[in-house]
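I am opening my notebook to write down what I looked up, one entry for each part of the fold. I begin with strand pairing and then move on to helices, loops and single residues.

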Amino acid sequence: MPEAPKEPQKPAGFSVAENNKKKMEFIEDVTMKADDVQKQVLAEILSRNAHVEYLQRYNLNQNTDRETFKKNMPVISYEDILPDINRIANGDKSPILCHEPISEFLTSSGTSGGERKMMPTIEEELGRRSLLYSLLMPVISQFVPNLDKGKGMYFLFIKSETRTPSGLLARPVLTSYYKSSHFKERPYDPYTNYTSPNETILCSDSYQSMYSQMLCGLSQNQEVLRVGAVFASGFIRAIRFLEKNWSLLAHDIRTGSANPLITDPSVRDAVARVINPDPELANFIESECGKNSWQGIITRLWPNTKYIDVIVTGTMSQYIPTLDYYSNGLPLVCTMYASSECYFGVNLNPLCKPSEVSYTLIPSMAYFEFLPVHKNNAAPKSLNEKEQQELVDLVDVKMGQEYELVVTTYAGLYRYRVGDVLRVAGFKNNAPQFNFICRKNVVLSIDSDKTDEVELQNSVKNAISHLMPFDARLIEYTSYAETSTIPGHYVLYWELSQNGAIPIPPSVFEDCCLTIEESLNSVYRQNRVYEAIGPLEIKIVEGGTFDKLMDYAISLGASINQYKTPRCVKFAPIVELLNSRVVSNFFSPKCPKWTSSGHKQRGNAN
């Protein structure tokens with residue numbers, strides 16, 4: 001994720017090395033004193049908000065200690081505070097959740113848990129987010145030197161805001177940040193020197209924004225030292241945009257002027273300040289992009305690139321092979337962990353393998369608690385008294401244990417279940433480091449089976465090995481629980497890219513279906529054997545289908561910057577869109593293996 005820390009105006013004699021040292025000392029200090037910092041954060045939040053309606057509702061009586069807080073305050077999910085959020089959105093200005101006025105609502109990505117949520121925030125949270133951003137480059141600079149000597153090419157986007165009935169803005173967290181003075185009016189900093197002018201990032205037309213950012217990135221190709229976007233999918237979207245538009249972009253570089261399709265005056269002016277006529281560079285771009293293979297295109301066009309800065313944890317891991325293909329295996333760096341509710345932590349070992357990424361939670365960001373995850377836990381629900389007592393503090397988590405993250409923020413969330421499942425991977429001093437495992441809510445289910453997105457991702461990963469002999473790649477996928485048939489069954493929608501000349505036989509796709517089923521949990525396989533679930537189906541869709549899906553989601557209010565392909569779809573118009581673009585479909589040819597003592601394996605064909 002890109003970084004644009006709010007820093008004081010650079011004084012005379014400013015030293016990058018000295019600044020980096022101070023940031024690393026801050027991390028050392030807060031992780032060493034993690035528990036003391038957490039106590040202080042909770043006491044500060046509770047004392048500030050002692051008289052707000054929500055805390056009085058639970059008789060906290062101005063107490064700021066952990067024991068009273070945990071005894072009195074319930075662990076909640078979004079639905080529990082939705083009535084309070086609606087009151088604020090509709091114009092109630094009384095201190096309901098927070099003593100400070102709610103400055104705006106931050107909307108979720110639209111795919112987290114399947115609904116667009118509005119998180120309250122206050123003005124000072126921008127400073128807290130900026131603090132976390134300011135830690136990223138000092139960390140990376142320990143591993144990759146001289147990053148202050150060039151530029152970052154990041155594809156960043158905003159979404160136009162909506163307003164609540166009372167006039168409060170409701171927008172994605174990154175749109176809020178990019179439109180703030182913390183980003184727009186940031187003083188010069190060698191680490192926030194981007195190829196994209198602010199005007200191109202702040203353009204609400206996604207085509208003009210992408211085109212102008214790519215044009216500026218190409219024109220400064222020798223200066224680029226790092227490239228990225230927020231999610232891996234967003235960066236790949238940018239490369240695919242280049243595949244479709246490189247001839248137009250090369251023409252603009254040859255002439256030194258932006259295509260007439262760029263109609264936003266501020267964007268045209270910003271681009272004009274960056275590009276100059278460069279026929280030699282235009283010839284180079286045409287030569288590289290016109291080759292049959294796009295393998296290594298990133299390092300070919302931007303030869304000084306040291307790494308790709310994108311999120312590749314969770315379901316984003318499916319994009320790793322594609323990124324490796326386009327970059328010739330450049331390091332993939334995940335820098336930070338954040339959400340609309342709160343910014344959480346940083347990756348202190350940024351050059352690690354994507355599968356080993358762990359985030360150190362910064363104790364000063366919010367008050368953190370952790371609900372132990374048991375495999376039979378359902379999606380978010382009200383916790384009983386015993387389950388509430390299971391929550392542990394930041395410094396008390398156990399190595400290797402999985403937890404659901406619960407936060408109390410400065411902006412008015414109290415013991416709020418974020419919905420992310422994390423696994424303790426280690427410790428930085430006294431602060432734990434977590435692997436991101438999955439979103440807890442996202443599951444496929446037909447009967448008693450429950451398949452989460454990690455299990456689905458691993459099953460698909462196992463299946464696509466059957467495509468390798470045909471030089472085919474899985475571009476994108478989603479799933480659907482088809483319950484109109486009896487019995488119901490899982491449907492996977494696959495978009496493929498095939499470079500090989502040999503057609504893929506139907507039997508190969510049937511093998512893919514069976515491999516997915518063999519990789520799923522025993523409850524699913526048992527239900528298949530006992531015919532409570534029908535054979536899994538793969539539907540192959542036309543090229544560009546998932547771009548259409550993204551366009552549709554954006555038209556409904558999703559953010560292009562935070563958009564992630566949903567791993568499970570339920571909304572009827574989306575299912576109809578997918579089904580309208582199916583070119584072929586295949587079913588699992590037989591039941592997956594399942595055995596249990598006292599039960600004989602039934603291997604009937606379907």
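**Entry 1: strand 6 and its partners**

I looked up phenylalanine 231 first, and found that its bridge partner in strand 7 is isoleucine 311. Strands, like helices, are DSSP runs numbered from the N terminus, where a helix is H or I over at least four residues and a strand is E over at least two. Strand 6 and strand 7 (residues 307-311) pair in the parallel sense over four bridges, and I noted that two strands pair if DSSP finds at least two bridges between them. Strand 6 also pairs in the parallel sense with strand 3 (residues 151-154), again over four bridges, and here glycine 152 has arginine 226 of strand 6 as its bridge partner. As background, I wrote down that strands of a sheet pair through backbone hydrogen bonds, either parallel or antiparallel.

Before going on, I noted that this is a predicted model, in which local features need pLDDT of at least 70 and side-chain atom pairs count only at pLDDT 80 or more, while totals for chains, interfaces and linings use all residues. Residues are numbered from 1 along each chain as its sequence is written, and side-chain values use heavy atoms, with hydrogens and water left out.

Is strand 6 buried or exposed? Eight of the eight residues of strand 6 (residues 224-231) are buried, so this strand is largely enclosed by the rest of the structure. Buried means under 20% relative accessible area, exposed means over 50%, and partly exposed lies in between (1.4 Å probe, protein chains only).

**Entry 2: lysine 151**

Lysine 151 is found in strand 3, and with 15% relative accessibility it counts as buried. When I left aside neighbours within four places in sequence, I found lysine 151 in contact with Asn193, Tyr194, Thr195, Gln220, Glu223, Val224, Leu225 and Arg226; contact means heavy atoms within 4.5 Å.

**Entry 3: the sheet 2-1-5-4**

Next I looked up an open sheet of four strands, which has the order 2-1-5-4 and mixed pairing. Strand 2 (118-121) and strand 4 (162-163) stand at the edges with a single partner strand each, so one side of each is left without a neighbour in the sheet. Strand 1 (residues 104-107) and strand 5 (residues 169-172) pair in the parallel sense over three bridges, and phenylalanine 105 has alanine 170 in strand 5 as its bridge partner.

Helix 5 (residues 78-89) lies across strand 1 and strand 2, and runs at about 65° to strand 2. For such angles, axes are lines fitted to C-alpha atoms, for helices over the stretch in contact, and the angles run from 0 to 180 degrees between N-to-C directions. In the loop between helix 5 and strand 1 I found glycine 91, which counts as partly exposed at 30% relative accessibility. Glycine 91 and glycine 167 are 76 residues apart in sequence, and 7.9 Å apart in space from C-alpha to C-alpha.

Another open sheet has four strands in the order 19-20-21-22, with mixed pairing. Its edge strands are strand 19 and strand 22 (582-587), each of which pairs on one side only, and the twist averages 25° from one strand to the next. Strand 20 (residues 489-498) and strand 21 (residues 537-541) run parallel and are joined by four bridges, with glutamate 537 in strand 21 as the bridge partner of valine 491.

Helix 17 lies across strand 19 and strand 20, at about 135° to strand 19, while helix 18 lies across strand 20, strand 21 and strand 22, at about 130° to strand 21.

How do these helices meet? The axes of helix 17 and helix 18 (residues 506-519) come within 8 Å and cross at roughly 140°. That makes helix 17 oblique to helix 18, since angles under 35 degrees count as roughly parallel, over 145 as roughly antiparallel, 65 to 115 as roughly perpendicular and the rest as oblique.

**Entry 4: positive phi**

Most residues other than glycine have a negative phi. Asparagine 328 has a phi near 55°, and is found in the loop between helix 15 (320-327) and strand 8 (332-333).
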